[in-house]
Each structure stands twice: as structure tokens, then as C-alpha cells.
Amino acid sequence: NGGTVRTRHVGVFAFPFASHPTHLLNVVRRLAAAAPTVVFSFFSTERTNRALFTKRGCDNILRYDVSDGIPEGYVLQGKIHEDINYFLGVAKEEFRSGVQVAEKDVGMKMSCLVSDAFLWFSADLAKELSIPWVALRTGGARSLSTHLYTDLIREKYSELKGSIGPNDEIANLIPGVESIRLSDLPIGVIFGDLDSPFASMMHKMGRNLTRATTVAINSFQELDPDVTKNLSSLFNNFLNIGPSNLVSKHNSPSKPDEFSCISWLDNQNPGSVAYISFGTKFCPPPHELVAIAEALESTKTPFLWSINKDSQTHLPLGFVERTTANGSGKVVPWAPQVQVLDHIATGVFVTHGGWNSVLESIGSGVPMICRPLIGDQPINTWMVERVWGIGVWIEGGKFTKHGTCCALEQVLSVDASSKGMKERIGALKDLAHKAVGPNGSSTQNFKTLVDVITR
Ligand code: UDP
């Protein structure tokens, strides 16, 4: 270790799906830079660690692989959450034995456990080790509240049953959340299979988070002051430490701009381009991809579309060739999203409403067209459209050619509604940048987090 004195050993447990491990490692990199004498043992699956630890890491972050729980020779059937369920079947034991290995390697007992908030059983492991547990939540404060109040929501729902429909707005169901629609609650709160391993994990997360020494989230408190106030009264120590994408020094894109998105954007008019991406794990069904493609061509909207190779096969015949040849569009399997959103040419973000995507759009002041697919995406979209007024929910909840044309025209036009959206997201952008500035709230909160893990 180059002779550095190691004062503390912190274990870090990742939830190895979607963008979770990337964002957890980004926080750990910031912590590792701020606390160079602390050694971090970072646990995730081999597959995710391989993708995460491509460049030379910090000396004080050690990589440990844990099993993904998938039986030898078994090929995943593509069922929802199948991979997650296998992982959850082995996770606690894998992490428990991993701690022993890391403690032996480092020659030091762990003094603190940091984990993805999803991994609620870290509370038990931390207790066994008699050390504090710090839970890091990659999502926003509102969606976190829905899991915290799952028991209360279920209770109230059973009282109200019959008198309300899933699409009715309900006021004051959750403290700090003025209104919500039941249909926007994450699956597993009151709808769907409440006993599935995933739903049970979220429920237990909600029940166990008050055991954490600190709960930190990737958001900024000015975005959601009422919810922050409520969560601060429930948790021992609640810290908004984001938006992480604005703390760019330790958050450079894990993959470079290998498809030359930025130079393509350089040749487009300011505010004209629709950037389309549905995150790292999900994609709307094929007929909706066709509807988007048709709407882009019919409205002549320049576009940059990040979509994986498999899903590209569902685009209409000749679409990619035509739009590439006439220069109106670019289809890539991966884009440096933060830089794309920051580019002056980008006028709208067509997104699934994943939390990181929403925060990144806010950080760049780009209004959104949202098509939520799963999890916290509907509640994030509700916030975007109804609370913050910085984007629209795609008409009818799914892409049709007509609905997509209308949404593109609405957000990209220069009329009053679009102007209002841009002004509101511009104001939030300023608050986000202030929060991570020299005396900003997130900067202060991050310092507190460093104190917690070095204590
Ligand atoms: N992302 C990216 N380029 C792409 C697609 C996604 O950089 O082409 C990044 C994006 O910037 C964000 C993350 O992947 O940080 C997606 O996170 P989000 O929470 O929005 O969705 P998830 O992948 O978890 O569903």
C-alpha cells in the first residue's frame, strides 16, 4: 500500500444490478479520496466488478467478488427479477464470509459497513460485527418514503378499498408527500406479488433503515425539502449527498465517447435534439420503439438514441440507414449521457425516469418526456410532471406515434408551456449546482459522511 498507514477498514456491499454498483462505487471513490488512510473492501459480483474496475483504481479500494447465486450451467430464462432472486438467495452468506476474507487480507477488522440500502440484512451483519451500518440509497427521497411507509400504506389502502381506484389521487397518504396515485407506487408496495423476494427486500429495507447510523441518498435536499424534513426526523442521520453526476471529478464516465456522440451533437442546432435512453437494464416493448422511430421521422426531430444492439433490431426497417444518411439521427449502443445532456444541442430527454437519469437531466436543465417502466420510475415521473413541472408523462403511459409526436412538439416548441418547463428546470439546476458548491448542503453532508466512516 505504498507505506500509507491504514487507520480504518470499511466494508462495502453492492447490489449488483442496473446502475446501482456504478453509483455506489462512485460514492466510495469520493470517500476514498477524502479519507486516504481508510481502506475500502468493495464486494460485488464478478460480472459487475469486471466492468467497474477497468481503469486503475484508487490504492485504498480493494475489489472482492461474490457469487451471483446462479446455479452452475443454468441459463437465465429472462424472467423478471430472476437474476436478482438468485443473488438474494446467497447474498447474506456471501457477504458474511467475504468480510472474514477481507479482514484477513487487510489485517484489520472492519470498523464500518457501507451498503446499498436495498441490502437491508447489512443491519444484521453490522450488528454481529458490532460496527455501524451506513446505507446508501441510489434512488430519490419520495420513492424511499413509499418503502418506509409500506405498512401504513397497506393499512390505509385496505380501509379505503372499494372507494378509490388505482388512478385516483390520494392526499397525505405518506408524510411529506402531498399527493400520490396508488398506481404510481412501486410494484410490491400494494400491487403485484407482495411475497416475491424483490418486494420482500424492499419492504424489509423500509423496516430496517432506521437501524442505520446514517442513510445517505443521491439527491439534494432543496429538491424535496418536505420529504427531507420528514426523513430526517425518522433516521438517525439523513444525508442528501448528490447529485453525484455534478461531483464530476470522481465520476467521469466509465466508458468514453467511443461512438462520437459529442462531435455529432456539435453539428446540431441549440436545443433541437431529442436524446433517448432507457437506462442500463430496461427497454420499452418493440412496438413502442417503432412508434418512437416513426414520431422522430414524422416530426423531423434530430435525435441521438442510446439503445443496445439487441433492441436495435426492433427498429423499423431502414430507419437507422435513412436517418444516418440524411444526418437527422444517430443510433448508438452507449452514450456518455451526462455530457450529452450538458450539450447545448440537447433539447429534450426521452427517458424511463430512472433516478439517475432524472437527476442528470435536472443537473443539465433539460426537460423530459418520461415513459416509466418499473420500480420507482412512475413516482419519479409523477414528480417530474406534477410536482416539479419539468417534463411530461407520455400520453397514455406508452409510446404511440401520435403521443410521441405531441410530446416532442410540446417540449421542443417555444410556446409558454415549454418555456415554463425550461424555467423551472433551470431553477432546479441552479439549486443542484449550489448544493454541491463550496458551502452547499450536499458538500456539508458529504463531509459529515466522511466523519461517520472515519470515526
Ligand atoms: N447511461 C449512460 N449512457 C447510456 C445509458 C445510460 O451513461 O447510454 C447512464 C446514465 O447516465 C445513468 C445510468 O446509466 O447514470 C442509468 O441510471 P438510471 O438510474 O437512470 O437507470 P437504471 O439503469 O438504473 O434503470
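**View A. Contact of helix 14 with helix 17.** S361, I362, G363 and S364 of helix 14 meet I425, L428, K429 and H433 of helix 17 (contact: heavy atoms within 4.5 Å; helices are DSSP runs of H or I, at least four residues, and strands are E runs of at least two, numbered from the N terminus). The contact residues divide into 3 nonpolar, 4 polar and 1 charged (Ala, Val, Leu, Ile, Met, Phe, Trp, Tyr, Cys and Pro are nonpolar; Asp, Glu, Lys and Arg charged; the others, including Gly, polar). The model is predicted: local features need pLDDT of at least 70 and side-chain atom pairs pLDDT 80 or more, while totals for chains, interfaces and linings use all residues. Numbering starts from 1 along each chain as its sequence is written, and side-chain values use heavy atoms, without hydrogens and water.

**View B. Packing angle of the two helices.** Helix 14 (355–364) and helix 17 (416–435) pack at about 95 degrees, axes 7 Å apart (axes are lines fitted to C-alpha atoms, for helices over the stretch in contact; angles run from 0 to 180 degrees between N-to-C directions). The two helices are therefore roughly perpendicular (65 to 115 degrees).

View C. V273 lies in strand 10 (273–277). V273 is buried, at 0% relative accessible area (buried: under 20%, 1.4 Å probe, protein chains only). V273 contacts, among others, W264, F303 and G347. V273 and G347 are 74 residues apart in sequence, yet 5.2 Å apart C-alpha to C-alpha.

**View D. Strand 10 beside strand 11.** Strand 10 and strand 11 (303–306) run parallel, joined by 4 bridges. A274 stands opposite F303.

How values were computed
Angles under 35 degrees count as roughly parallel, over 145 as roughly antiparallel, 65 to 115 as roughly perpendicular and the rest as oblique. Buried means under 20% relative accessible area, exposed over 50%, partly exposed in between (1.4 Å probe, protein chains only). Two strands pair if DSSP finds at least two bridges between them. Lists of a residue's contacts leave out its neighbours within four places in sequence.
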